[in-house]
Every structure is written in C-alpha cells, then in structure tokens.
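Open the model in your viewer and keep the selection panel at hand. The stops below can be taken in order.

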Amino acid sequence: MAARKPLIAGNWKMYGRSAALGEIPALWAQVGGVAGAIDALICPPAPYIAAARQAAAATGVQIGAQDCSPAADDSARTGEVNAAMLADVGARYVIVGHSERRTLHAESNDLVRHKAEAALAAGLTPIVCVGETLAEREAGRVAEVVGAQVRESTPADARIVVAYEPVWAIGGASTPTIPEIEEVHHLIRETLAERLAGEANGVRILYGGSVGPKNAAEIFAAMGVDGALVGRASLKAADFAAIILSHPAAK
Ligand code: PEP
C-alpha cells in the first residue's frame with residue numbers, strides 16, 4: 001500500500017478579515033520547499049474562500065471550508081452553502097462535524113454523515129471530526145463514544161479524512177498523552193475497517209487539539225497520526241509553518 005501523504009490543515013474558525021489572507025503566501029514562502037511531501041490546507045471563514053483561493057493561486061496551499069449543507073442540490077435553504085458552491089469557488093476539502101458545530105448547533109452523527117456525503121458528491125474531501133468530551137474520557141467511554149461517532153458520522157467511502165479531536169483539548173492547554181492518541185487512532189482505523197476492509201488503510205487520520213510549534217513533532221511521530229487539524233496556531237504563517245516543517249516528511 002502506498003504511504004499516506006500527510007495532511008496538515010488550518011481551521012481559521014470565525015477569525016480574521018481580508019488582510020489575513022496575506023498569511024497564505026507568507027506561509028508558502030516558508031513551506032514551499034516541502035510541498036511535494038505534505039498537503040498544506042487552510043480553511044478560512046466562508047466569505048473569504050474565493051479570495052483565499054486567489055491568494056493561494058501561485059502557491060501549493062490548498063483551500064477548504066469549515067462546514068457545508070447536507071443538501072447536495074441547490075434548494076430553498078436560506079443561509080446555507082452547499083458543497084458544490086464551495087467547490088465552485090475553489091475549495092478542495094470541507095471540515096464537517098467539528099465539535100463546535102456539534103455543540104453549538106446540536107449537529108448529530110446522522111447530519112454530519114449527510115454533510116460528508118454531500119461533500120463527496122461535489123468532489124470535495126470531507127474531514128470528519130470525532131472526539132470525546134472530558135466527562136466521557138473520565139468515565140472510560142472513549143472507545144464507545146468515538147467508535148459510535150466514526151460508525152455513524154462517516155460515509156462508507158474511503159475518500160474521506162477523519163480528524164480525532166478530543167473536545168477537551170481544543171482551544172485549551174493540554175493534549176492527550178502520545179499513547180492515548182495512538183490508542184484512539186488505532187481504534188478509528190479498526191472501526192473504519194469494519195466497513196471499508198483494506199481500503200481503510202488509505203484514509204488519513206489527523207490529530208487535532210492544541211497542536212502548536214512546541215508539540216507538533218512529538219505528535220507527528222505518534223503511530224497512526226497522518227497529520228493535524230490546527231486551530232489557533234494556524235492563524236499566523238510563522239506558527240503554522242513551524243508546525244508543518246516539524247513533520248518528519250519535511251526533513
Ligand atoms: C480546532 O478547532 O480544530 C482546534 C484543534 O483548535 P486548537 O488547535 O486551537 O486547539
């Protein structure tokens with residue numbers, strides 16, 4: 001089986017204005033040399049996707065979105081954006097089921113799976129987020145919760161990316177230990193294999209939650225970690241470049 005190409009994705013959440021798009025060429029100036037070995041992705045807020053694509057035009061940085069409608073076709077859904085529209089303005093990936101959307105918008109596993117299916121239908125790669133809360137971890141329910149999220153939120157299709165993002169590690173100061181990360185990544189791949197058999201080996205599984213320039217190298221060295229989904233530390237080119245350059249594939 002061909003090695004999985006690492007993917008390091010930045011989630012800008014609801015931060016920044018047009019001026020922030022200058023971070024994209026600035027990032028490329030620092031990481032362009034490793035471009036063939038690692039996929040670098042920025043997911044800006046939806047209004048900036050088209051301009052981000054333009055800012056990235058002379059670079060190898062790919063552009064993605066942070067959410068999409070579960071409805072594949074154009075329809076009367078005020079305020080929603082479908083995956084075909086995101087593809088039309090230059091997105092290649094879309095994050096679905098981020099814990100902030102699961103929590104703030106009560107998104108269910110079923111809804112997340114429908115969004116991922118709509119993304120695939122439009123030719124986008126869905127990055128399906130899963131992860132336990134602190135209470136669930138403390139109750140010893142990580143395998144049960146994450147296993148169910150993977151089974152119910154992912155389509156039976158290997159053209160996806162899964163991001164393991166423990167909810168308690170996002171936007172915080174702490175991360176799971178390396179053995180804990182490895183254990184959950186293994187669980188996710190085994191769960192994918194229940195439906196995808198050998199094709200599950202091709203699915204990239206990212207770690208997300210407080211990744212920064214200081215801990216990225218250690219996390220990238222963990223078994224089964226194919227890259228990262230990065231929030232805060234993706235907003236500034238210097239920090240995000242330091243993360244990308246700390247991946248073993250960049251050496
Ligand atoms: C995220 O929002 O996906 C995330 C991982 O955030 P942070 O890196 O800031 O913890």
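Predicted model: local features only at pLDDT ≥ 70, side-chain atom pairs only at ≥ 80, totals over all residues.

**Ligand site**

Select the ligand and the 14 residues around it; Lys13, Glu165, Gly171, Gly231 and Arg232 come nearest. In the side chain of Glu165, an N or O atom is 2.7 Å from an oxygen atom of the ligand. At Gly231 the backbone supplies the N or O atom, 2.8 Å from a ligand oxygen. Then pick His98, where a polar side-chain atom lies 2.9 Å from an oxygen atom of the ligand.

**α5 and α7**

Move to helix α5, residues 109-121, and helix α7, residues 142-153. Their axes are 8 Å apart and the packing angle is about 45 degrees, so α5 and α7 are oblique to each other. The crossing is right-handed. To see the contact, display Asn109, Asp110, Val112, Arg113 and Ala116 on α5, then Ala148, Gln149, Glu152 and Ser153 on α7. Coloured by class, this contact shows 3 nonpolar, 3 polar and 3 charged residues.

**α7 and α8**

On the α7 side, select Val142, Ala143, Val146, Gly147, Val150 and Arg151. They meet Val184, Leu187, Ile188, Thr191, Leu192, Glu194 and Arg195 of α8. By class, the contact of α7 with α8 has 8 nonpolar, 2 polar and 3 charged residues.

How values were computed. Residues numbered from 1 in each chain as written. Heavy atoms only, no water. Axes fitted to C-alpha atoms, helices over the stretch in contact; angles between N-to-C directions. Helix = DSSP H or I, 4+ residues; strand = E, 2+ residues; numbered from the N terminus. Parallel < 35°, antiparallel > 145°, perpendicular 65-115°, else oblique. Left-handed = near helix turned anticlockwise from the far one by under 90°. Contact = heavy atoms within 4.5 Å. Nonpolar A, V, L, I, M, F, W, Y, C, P; charged D, E, K, R; others polar. Near = heavy atom within 4 Å. Polar contact = N/O pair within 3.5 Å; in protein donor to acceptor, adjacent residues only side chain to side chain.
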